[in-house]
Amino acid sequence: MTPEELRAARDRIVPDVAAGGLRVLFCGINPSLMTAATGHHFAHPGNRFWPVLHRSGFTPRQLLPSEQSELLPLGLGITNVVARATARADELGADEFREGGAALTARVERLAPAWLAVVGITAYRTAFGEPRAQIGRQERMIGGAHVWALPNPSGLNAHWTIATMAEEYARLREAVLTPHPAT
């Protein structure tokens, strides 16, 4: 990928990998330039989403970003809080996150996943006005879906290793497999 191709990807919108009735709709912060340039979610080589998804038991093998459509038969999908691509998430403002949160709520209402998993606690806090939210299951539901805040798999997130992220994603997977009373 050339620097020119990456620059040209700025502000592009990447289509969701989604369908109605998913078990889990994973929600990134926003697309990276690499994701926008390739059209594949979590495509930056330093992003740990795909290894973590596999190690946590969500996928039978580690998928490549170009194999993202293989998530749908597994009942999994991908969307973003903010649709436009940037080089770094810190290029986004609080208003964009709040607007993205409202749009995400409408998307979740339409798609009706059982769980919404937001990968990035700061994005979750800002988008949904929950400044004290912590990683893990959230008390609130969004658009009828249970909510789990997960650590951001970006390579820039040095607080979490692949192993510790996989443990947290596995906690979500266990919750997904546990029947819940109607709410």
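A salt bridge here is a side-chain nitrogen of Lys or Arg within 4 Å of a carboxyl oxygen of Asp or Glu. By this rule the count comes to 12 salt bridges, and Asp11, Arg84 and Glu96 are linked in a network of them.

The structure above is a predicted model, in which local features need pLDDT of at least 70 and side-chain atom pairs count only at pLDDT 80 or more, while totals for chains, interfaces and linings use all residues. Residues are numbered from 1 along each chain as its sequence is written, and side-chain values use heavy atoms, with hydrogens and water left out.

**Exercise 1. The surroundings of Asn47**

Task: is Asn47 buried or exposed, and which residues does Asn47 touch?

Solution: 
- Step 1. Locate the residue: Asn47 is in the loop between helix H2 (33-38) and helix H3 (49-55).
- Step 2. Its relative accessibility is 16%, so Asn47 counts as buried.
- Step 3. Leaving aside residues up to four places away in sequence, Asn47 touches Phe42, Pro153, Ser154 and Gly155. Contact means heavy atoms within 4.5 Å.
- Step 4. Look at the side chain: a polar atom of Asn47 lies 2.9 Å from the backbone nitrogen of Phe49.

**Exercise 2. From the sheet to Ile142**

Task: in what order do the five strands of the open sheet lie, and which strands are at the edges?

Solution: 
- Step 1. The order is S2-S1-S3-S5-S4, with mixed pairing. Two strands pair if DSSP finds at least two bridges between them.
- Step 2. The edge strands are S2 (76-80) and S4, each pairing on one side only.
- Step 3. From one strand to the next, the twist averages 25°. Axes are lines fitted to C-alpha atoms, for helices over the stretch in contact, and angles run from 0 to 180 degrees between N-to-C directions.
- Step 4. S4 pairs with strand S5 (residues 145-150) in the antiparallel sense over four bridges, and Gly136 has Ala149 in S5 as its bridge partner.
- Step 5. Helix H6 (residues 162-177) packs on the sheet, touching S1 (24-28), S3 (115-119), S4 and S5, and its direction makes about 165° with that of S5.
- Step 6. Finish with Ile142, which lies in strand S4 (residues 136-142). At 2% relative accessibility, Ile142 counts as buried. Not counting residues up to four places away in sequence, its contacts are Thr105, Val108, Leu116, Tyr124, Phe128 and Val147.

Methods
Helices (H or I, at least four residues) and strands (E, at least two) are DSSP runs, numbered from the N terminus. Buried means under 20% relative accessible area, exposed over 50%, partly exposed in between (1.4 Å probe, protein chains only). A polar contact is a pair of N or O atoms within 3.5 Å; within protein, one must be able to donate a hydrogen and the other to accept it, and residues adjacent in sequence count only if both atoms are side-chain atoms.
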